[in-house]
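Please look through the sequence and the model shown below before reading the notes that follow.

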Amino acid sequence: MEALIINKTEDTPQVEFDVNKGVFLISGRSLPENAIDFYRPVFSWVEEAMQSISGKTIIVEIKLEYFNTASSKQIAKLFLQLENFIEKNNISIKWFYEKEDNDMLISGTQYAKFLNLKFDFIEY
(Lines give C-alpha, C1' and ligand atoms only; values in the text may rest on other atoms or scores of the structure.)
Protein backbone atom coordinates (compact mmCIF):
# COMPACT_ATOMS: atom_id res chain seq x y z
CA MET A 1 0.00 0.00 0.00
CA GLU A 2 1.21 3.47 -0.83
CA ALA A 3 2.35 5.66 2.07
CA LEU A 4 0.26 8.58 3.27
CA ILE A 5 2.25 11.83 3.21
CA ILE A 6 0.75 15.16 4.26
CA ASN A 7 3.29 17.97 4.31
CA LYS A 8 3.31 20.23 7.33
CA THR A 9 2.26 23.85 7.30
CA GLU A 10 2.46 26.49 9.99
CA ASP A 11 -0.76 25.11 11.54
CA THR A 12 -0.80 21.46 10.50
CA PRO A 13 1.56 18.60 11.29
CA GLN A 14 3.70 16.48 9.02
CA VAL A 15 2.03 13.10 8.54
CA GLU A 16 4.07 10.19 7.21
CA PHE A 17 2.31 6.84 7.51
CA ASP A 18 4.07 3.94 5.82
CA VAL A 19 2.64 0.50 6.51
CA ASN A 20 5.52 -1.16 4.63
CA LYS A 21 8.09 0.42 6.98
CA GLY A 22 5.80 -0.03 9.96
CA VAL A 23 6.09 3.61 11.04
CA PHE A 24 3.26 6.12 11.41
CA LEU A 25 4.66 9.60 12.20
CA ILE A 26 2.87 12.80 13.19
CA SER A 27 5.21 15.72 13.92
CA GLY A 28 5.23 19.48 14.22
CA ARG A 29 2.26 21.57 15.33
CA SER A 30 -1.37 20.54 15.08
CA LEU A 31 -3.81 23.41 15.22
CA PRO A 32 -5.70 23.19 11.94
CA GLU A 33 -8.69 25.43 11.41
CA ASN A 34 -10.84 22.30 11.07
CA ALA A 35 -9.22 19.31 12.78
CA ILE A 36 -11.96 16.91 11.68
CA ASP A 37 -11.37 17.73 8.02
CA PHE A 38 -7.60 17.59 8.40
CA TYR A 39 -7.56 14.16 10.08
CA ARG A 40 -10.33 12.58 7.96
CA PRO A 41 -7.93 11.25 5.25
CA VAL A 42 -5.67 9.90 8.00
CA PHE A 43 -8.50 7.82 9.46
CA SER A 44 -9.52 6.56 6.01
CA TRP A 45 -5.96 5.56 5.17
CA VAL A 46 -5.43 3.83 8.53
CA GLU A 47 -8.66 1.86 8.19
CA GLU A 48 -7.74 0.62 4.73
CA ALA A 49 -4.12 -0.11 5.62
CA MET A 50 -4.81 -1.92 8.88
CA GLN A 51 -7.49 -4.13 7.38
CA SER A 52 -5.02 -5.32 4.76
CA ILE A 53 -2.27 -6.45 7.16
CA SER A 54 -1.75 -8.98 9.91
CA GLY A 55 1.23 -9.89 12.09
CA LYS A 56 2.93 -6.55 11.46
CA THR A 57 4.76 -4.33 13.93
CA ILE A 58 3.53 -0.74 13.75
CA ILE A 59 5.24 2.06 15.66
CA VAL A 60 3.27 5.29 15.94
CA GLU A 61 5.61 8.20 16.58
CA ILE A 62 4.05 11.37 17.97
CA LYS A 63 6.52 14.26 17.90
CA LEU A 64 4.26 17.25 18.38
CA GLU A 65 5.48 20.58 19.71
CA TYR A 66 1.91 21.68 20.32
CA PHE A 67 -1.65 20.57 19.60
CA ASN A 68 -4.98 22.23 20.31
CA THR A 69 -8.06 20.69 21.91
CA ALA A 70 -9.67 19.83 18.58
CA SER A 71 -6.50 18.01 17.50
CA SER A 72 -6.34 16.24 20.85
CA LYS A 73 -9.74 14.71 20.16
CA GLN A 74 -8.63 13.55 16.72
CA ILE A 75 -5.42 12.03 18.09
CA ALA A 76 -7.49 10.14 20.67
CA LYS A 77 -9.76 8.95 17.86
CA LEU A 78 -6.69 7.73 15.93
CA PHE A 79 -5.44 5.78 18.95
CA LEU A 80 -8.89 4.25 19.48
CA GLN A 81 -8.98 3.28 15.82
CA LEU A 82 -5.57 1.59 16.12
CA GLU A 83 -6.71 -0.29 19.23
CA ASN A 84 -9.14 -2.18 17.01
CA PHE A 85 -6.18 -3.85 15.31
CA ILE A 86 -3.96 -4.83 18.26
CA GLU A 87 -5.10 -8.44 18.20
CA LYS A 88 -3.74 -8.89 14.68
CA ASN A 89 -0.70 -6.59 14.91
CA ASN A 90 1.92 -5.37 17.37
CA ILE A 91 1.11 -1.65 17.73
CA SER A 92 2.96 0.70 20.06
CA ILE A 93 3.20 4.45 20.56
CA LYS A 94 6.43 6.43 20.92
CA TRP A 95 5.43 9.73 22.51
CA PHE A 96 8.21 12.30 22.16
CA TYR A 97 8.37 15.41 24.34
CA GLU A 98 10.93 18.16 24.86
CA LYS A 99 12.97 17.97 28.04
CA GLU A 100 11.04 20.54 30.04
CA ASP A 101 7.66 20.28 28.30
CA ASN A 102 5.65 18.76 31.14
CA ASP A 103 2.36 19.58 29.40
CA MET A 104 3.23 17.33 26.45
CA LEU A 105 4.38 14.55 28.79
CA ILE A 106 1.16 14.82 30.81
CA SER A 107 -0.92 14.72 27.62
CA GLY A 108 0.80 11.51 26.56
CA THR A 109 0.38 9.87 29.95
CA GLN A 110 -3.32 10.73 29.94
CA TYR A 111 -3.76 8.95 26.61
CA ALA A 112 -1.80 5.97 27.91
CA LYS A 113 -4.08 5.60 30.96
CA PHE A 114 -7.19 5.08 28.87
CA LEU A 115 -5.83 3.03 26.00
CA ASN A 116 -4.86 -0.57 25.56
CA LEU A 117 -1.74 0.40 23.60
CA LYS A 118 1.88 0.28 24.77
CA PHE A 119 3.36 3.77 25.22
CA ASP A 120 7.04 4.67 25.39
CA PHE A 121 7.84 8.21 26.50
CA ILE A 122 10.95 9.64 24.94
CA GLU A 123 12.49 12.87 26.15
CA TYR A 124 14.61 14.86 23.71
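**Briefing on the predicted chain**

Lys-113 has its place in helix α3, which covers residues 102-114. The model is a predicted one, and in it the secondary structure of the chain comes to 3 helices and 6 strands. Read from the N terminus on, these elements follow one another in the order β-β-β-α-β-α-β-α-β. The radius of gyration of the chain is 14 Å, close to the 14 Å that the globule rule gives for 124 residues, so the chain is as compact as a globular protein of that length.

**The chain as a whole**

- Along its principal axes, the C-alpha trace of the chain spans about 35 × 25 × 20 Å.
- Among the 124 residues of the chain, 45% count as buried, and the accessible surface of the chain comes to about 7,000 Å², with 46% of that surface belonging to carbon and sulfur atoms.

**Strands β1, β2 and β3**

- Strand β1, made of residues 4-6, pairs with β2 in the antiparallel sense over 3 bridges, and within this part of the model Ile-6 stands opposite Val-15 in β2.
- Strand β2, made of residues 14-18, is joined to β3 by 5 bridges, and these two strands run antiparallel as well.
- Val-15 has Ile-26 as its bridge partner in β3, while the bridge partner of Asp-18 in β3 is Val-23.
- The hairpin of β2 and β3 has 4 residues between the strands, and in this hairpin Gly-22 takes a positive phi near 80°.
- In β2, 4 of the 5 residues are buried, so this strand is largely enclosed by the rest of the structure.
- Strand β3, residues 23-30, has 6 of its 8 residues buried, so β3 too is largely enclosed by the rest of the structure.

**From β3 to β4**

- Strand β4, made of residues 57-67, pairs with β3 in the parallel sense, and the pairing runs over 8 bridges.
- Val-23 has Ile-59 as its bridge partner in β4, and the bridge partner of Asp-18 in β3 is again this residue, Val-23.

- Ser-92 has its place in strand β5, which covers residues 90-97, and its relative accessible area is 12%; because buried means under 20%, Ser-92 counts as buried.
- When residues up to four places away in sequence are not counted, Ser-92 touches Ile-58, Ile-59, Val-60 and Lys-118.
- Phe-119 lies in strand β6, which covers residues 118-123, and at 12% relative accessibility Phe-119 counts as buried.
- Once its neighbours within four places in sequence are left aside, Phe-119 is in contact with Phe-79, Ile-93, Trp-95, Gly-108, Tyr-111 and Ala-112.
- Phe-119 and Ile-59 are 60 residues apart in sequence, and their C-alpha atoms are 9.9 Å apart in space.

- Is Lys-113 buried or exposed? Its relative accessible area is 65%, and because exposed means over 50%, Lys-113 counts as exposed.
- Lys-113 and Ile-62 are 51 residues apart in sequence, and computed along space from C-alpha to C-alpha they are 16 Å apart.- Met-1 has its place in the segment before β1, and at 34% relative accessibility Met-1 counts as partly exposed.
- Leaving out residues up to four places away in sequence, Met-1 touches Val-19, Asn-20, Trp-45, Glu-48 and Ala-49.
- Met-1 and Val-19 are 18 residues apart along the chain, and their C-alpha atoms are separated by 7.0 Å.

Key. Residues numbered from 1 in each chain as written. Predicted model: local features only at pLDDT ≥ 70, side-chain atom pairs only at ≥ 80, totals over all residues. Heavy atoms only, no water. Rg over C-alpha atoms; globule rule 2.2 N^0.38 Å. Buried < 20%, exposed > 50% of the residue type's maximum accessible area, 1.4 Å probe, protein only. Areas by Shrake-Rupley, 256 points an atom, 1.4 Å probe, with all protein chains shown as cover. Pairing = 2+ DSSP bridges. Contact = heavy atoms within 4.5 Å.
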